[in-house]
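Please open the structure in your viewer and keep the selection tool at hand. The tour moves from one selection to the next and says what is found at each stop.

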Amino acid sequence: MSVPMLKIGAVLSTMAMVTNWMSQTLPSLVGLNGTAVSPDGTHERIVSGLYPGSEEGWQIYSTASDPDGRCLCTVVAPAQNLCKRDPRSRQLRQLTEQVQNVSQSMEVVDLRTSRDLQYVRDSEPLLRGVDGRIHTYVANSRTLTTKGLQELKGQMSQLRPLLSVVEQYRADLQTLATLRSELLNLSVSLTGIQEEIGAYDYEELQHRVLMLETRLHACMNKLGCGRLTWVSIPITVRASGSRFGSWMTDAMIPSSDSRVWSMDGYYKGRRVLEYRTMGDFTKGQNFVQHLLPHPWAGTGHVVYNGSLYYNKHQTNILVQYHFRSRTVVLQRSLSGAGYNNTFPYSWGGSSDIDLMADENGLWAIYTSIPNAGNILVSRLDPRSLEVLQSWDTGFPKRSAGEAFMICGTLYVTNSHLAGAKVHFAYHTNSSTYEYTDIPFHNQYSHISMMDYNPRERALFTWNNGHQVLYNVTLFHVIRSDG
């Protein structure tokens with residue numbers, strides 16, 4: 001039994017190595033750049049190419065995909081008359097399409113491979129146990145009993161999903177062969193474009209490239225928003241702390257800050273641990289301690305642009321603590337907001353006020369007595385903590401397990417326990433709501449914190465003493481002007 005296990009591990013390791021090489025080599029080969037996030041195995045890559053903006057007739061349509069095979073397409077389609085007028089635009093369009101297709105395929109294969117490798121690693125102790133039992137029975141058949149045989153059959157049935165992992169690998173081999181062929185075609189296209197570019201004035205071309213890069217990044221930022229359609233399987237980053245708590249990275253976009261913060265407990269806590277990187281957090285090393293001058297309430301804290309925003313214990317006062325200066329720079333009361341377990345989520349824990357951030361900025365989720373306990377959504381000015389605008393969702397806060405914001409939409413789960421799903425969505429841009437049915441796996445059966453991080457494109461959760469990540473799939477609808 002140990003030999004097949006080694007073969008599976010070798011196969012999947014080789015596949016991961018190949019896809020990793022391609023994902024690192026292709027962007028540098030074609031002059032693009034990719035950003036890998038979350039060294040724990042979850043990552044997101046933004047592929048950028050150089051092509052004209054909407055002012056020059058380009059239209060961009062985008063959808064989303066996931067590593068389980070759901071459709072993922074990005075099409076860059078210039079106006080036909082522009083193609084006839086400028087041969088460089090046509091060549092750049094073709095190259096960009098190829099780069100996007102290859103990069104997206106690599107990302108899907110890479111994510112799927114990481115997931116399968118993790119499954120194989122998790123199954124290895126069980127496989128070794130089965131292997132040891134079989135060796136014992138072969139060496140001495142008298143040790144084999146009816147009960148032992150039934151236990152062995154049960155363990156073998158648990159290992160049966162490994163067959164689907166191998167089948168998926170075989171399919172991925174065909175995908176990799178196609179990617180190799182497309183990679184060769186890209187090299188030929190690049191050579192041709194390089195020869196043509198040599199005939200143009202360098203300074204003029206450089207200026208054009210800079211302008212196109214600016215337009216591209218602006219476009220990619222717009223494509224970042226969408227409607228939640230799917231939540232991935234949970235990825236356990238670490239198991240530490242008590243049953244309740246929160247952990248986070250800076251939610252500011254853009255931000256090069258790779259620090260991770262952890263706040264254990266929900267009642268009168270003051271100790272914040274700051275880790276240098278996600279890798280350090282996973283290992284529990286290289287951290288410093290911040291001792292807050294005012295204790296916190298609940299787990300609805302958020303780090304935004306280098307500051308921690310939290311609810312002061314037994315008050316409805318919001319506090320901004322700046323990590324670099326280690327000082328409180330701002331305090332402001334959230335007028336009318338309930339506190340001290342007046343209007344918590346279903347799990348309690350003084351979770352009356354939940355602060356969070358998304359692509360649109362800083363938000364507060366809370367309720368009040370005049371609002372009859374229904375969830376209020378308020379957008380805050382991060383510099384003054386003043387309420388800029390508020391919405392009454394009509395959803396009772398005590399019936400919510402947790403909540404998070406994505407692209408100006410509030411998503412609410414129907415429970416903090418096993419079997420929970422994303423049940424309700426309120427869209428602040430249209431002041432409308434809808435009931436949803438987006439399942440997710442509550443692996444450790446008690447979620448006391450669930451926040452979306454727009455920079456990581458992931459949900460951070462604290463689940464019964466475990467720090468867990470979920471990837472999300474967002475559906476994009478982009479309309480052009482005719």
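**First stop: a histidine and its partner**

Select His 427 and Glu 434, whose side chains are joined by a polar contact of 2.8 Å; a polar contact here is a pair of N or O atoms within 3.5 Å, where within protein one must be able to donate a hydrogen and the other to accept it, and residues adjacent in sequence count only if both atoms are side-chain atoms. This is a predicted model, in which local features need pLDDT of at least 70 and side-chain atom pairs count only at pLDDT 80 or more, while totals for chains, interfaces and linings use all residues. Residues are numbered from 1 along each chain as its sequence is written, and side-chain values use heavy atoms, with hydrogens and water left out.

Is His 427 buried or exposed? His 427 has a relative accessible area of 7% and is buried, a word used for values under 20%, with exposed meaning over 50% and partly exposed in between (1.4 Å probe, protein chains only). Show next what His 427 touches when residues up to four places away in sequence are not counted: Arg 227, Gly 408, Thr 409, Thr 432 and Glu 434, where contact means heavy atoms within 4.5 Å.

**Second stop: the sheet around it**

His 427 belongs to strand S19, residues 421-427; strands (E, at least two residues) are DSSP runs, numbered from the N terminus. Colour the open sheet of four strands S17-S18-S19-S20, named in their order and paired in the antiparallel sense; two strands pair if DSSP finds at least two bridges between them. Strand S17 (403-406) and strand S20 (432-439) are at the edges, and each has a single partner strand, so one side of each lacks a neighbour in the sheet. Inspect then the antiparallel pairing of S18 (residues 409-413) with S19, which runs over five bridges, and find Thr 413, whose bridge partner in S19 is Val 422.

Select Leu 228, Phe 404, Ile 406, Phe 440 and Leu 459, which touch the most other members among the 19 residues of the largest nonpolar core, a set of buried Ala, Val, Leu, Ile, Met, Phe, Trp, Tyr and Cys residues joined through side-chain atoms within 4.5 Å. Two or more residues each are given to this core by strand S3 (227-231), S17, S19, strand S21 (447-453) and strand S23 (466-475), and the largest share, four residues, is that of S23.
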